Amino acid sequence: MNKINKKRRITDNEIFRFYTCNLTVEMTAKLCFKTPKTVLQWDKGKTIPPICRRLMKMYACRDLSPLDDSWDGWDGWDGWKISKGKLITPDGWPLTPNRIIMGNALIEIGASEELRFQREVLRMARKLKNFNKN
């Protein structure tokens, strides 16, 4: 008796997770606080919860404008994105948590007008970066 190879059909959920969001089963499970078994059930066609779908889209460099809470003087998140752990500005600058903290620290101490101080901080940061390479 010949065994017939059954080809597994790729579901829309699996296409969304892997091809659209570029996420592995393990990455998706960690991102959505689920088990890999749950993610595999989604891949087989079980409905992905909307909040998990939103997290997956945000991870895959999706626009943050749906989170807009615009009010007078604030343009909201229009043009901002999240991509693989980095906040991307509308100008395309990738911001890591450390860069955000450093920028906020400079503003807090009033250094935004002090170019000499900013140059010194950047020079020291470059030295520290090169020091770690050696």
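Where does Asn 22 lie?

1. Asn 22 lies in the loop between H1 and H2; here helices are DSSP runs of H or I with at least four residues, strands are runs of E with at least two, and both are numbered from the N terminus. This is a predicted model, in which local features need pLDDT of at least 70 and side-chain atom pairs count only at pLDDT 80 or more, while totals for chains, interfaces and linings use all residues. Residues are numbered from 1 along each chain as its sequence is written, and side-chain values use heavy atoms, with hydrogens and water left out.

2. Please look at the backbone of Asn 22: phi is positive, about 55°, although the residue is not a glycine. Most residues other than glycine have a negative phi. Asn 22 is partly exposed at a relative accessible area of 44% (buried means under 20%, exposed over 50% and partly exposed in between, with a 1.4 Å probe and protein chains only). Phe 33 also has a positive phi, near 55°, and is likewise not a glycine. Phe 33 is placed in the loop between H2 and H3, and its relative accessibility of 75% makes it exposed.

3. For the overall layout, the protein chain has 6 helices and 4 strands. Read from the N terminus, the order is α-α-α-α-β-β-β-β-α-α. Of its 134 residues, 21% count as buried.

4. Which side chains meet in a salt bridge? They are those of Asp 43 and Arg 17, at 2.8 Å from N to O (the cut-off is a side-chain nitrogen of Lys or Arg within 4 Å of a carboxyl oxygen of Asp or Glu). Asp 43 is in helix H3 and Arg 17 in helix H1, so the pair ties together parts that are 26 residues apart in sequence. A search of the whole structure finds 1 salt bridge. Asp 43 is buried, with 6% relative accessibility, and Arg 17 is buried too, with a relative accessible area of 6%. In general, side chains of opposite charge can pair when their charged atoms come close.

5. Helix H1 also holds Asn 13, which is buried at a relative accessible area of 13%. The side chain of Asn 13 reaches the backbone oxygen of Trp 42 at 2.9 Å. This is a polar contact, meaning a pair of N or O atoms within 3.5 Å; within protein, one must be able to donate a hydrogen and the other to accept it, and residues adjacent in sequence count only if both atoms are side-chain atoms.

6. Phe 18 is in helix H1, residues 12-20, and is partly exposed at 38% relative accessibility. Tyr 19 counts as exposed, at 56%. How many aromatic pairs does the structure hold? The structure holds 1. Phe 18 and Tyr 19 form this pair, which is edge-to-face, with 4.9 Å centre to centre and 85° between the planes (rings of Phe, Tyr and Trp, the last by its six-membered ring, pair if their centres lie within 6.5 Å; planes under 30 degrees apart are stacked, over 60 edge-to-face and the rest tilted).

7. At Phe 16, the charged end of Arg 53 sits over the ring, 3.9 Å from its centre (NZ of Lys or CZ of Arg must be within 6 Å of the ring centre and within 35 degrees of the ring normal).

8. Thr 24, between H1 and helix H2 (25-32), is partly exposed at 31% relative accessibility. A polar atom of the Thr 24 side chain lies 3.0 Å from the backbone nitrogen of Met 27. Asp 91 is in the loop between strand S3 (86-88) and strand S4 (94-95), and is exposed at a relative accessible area of 65%.
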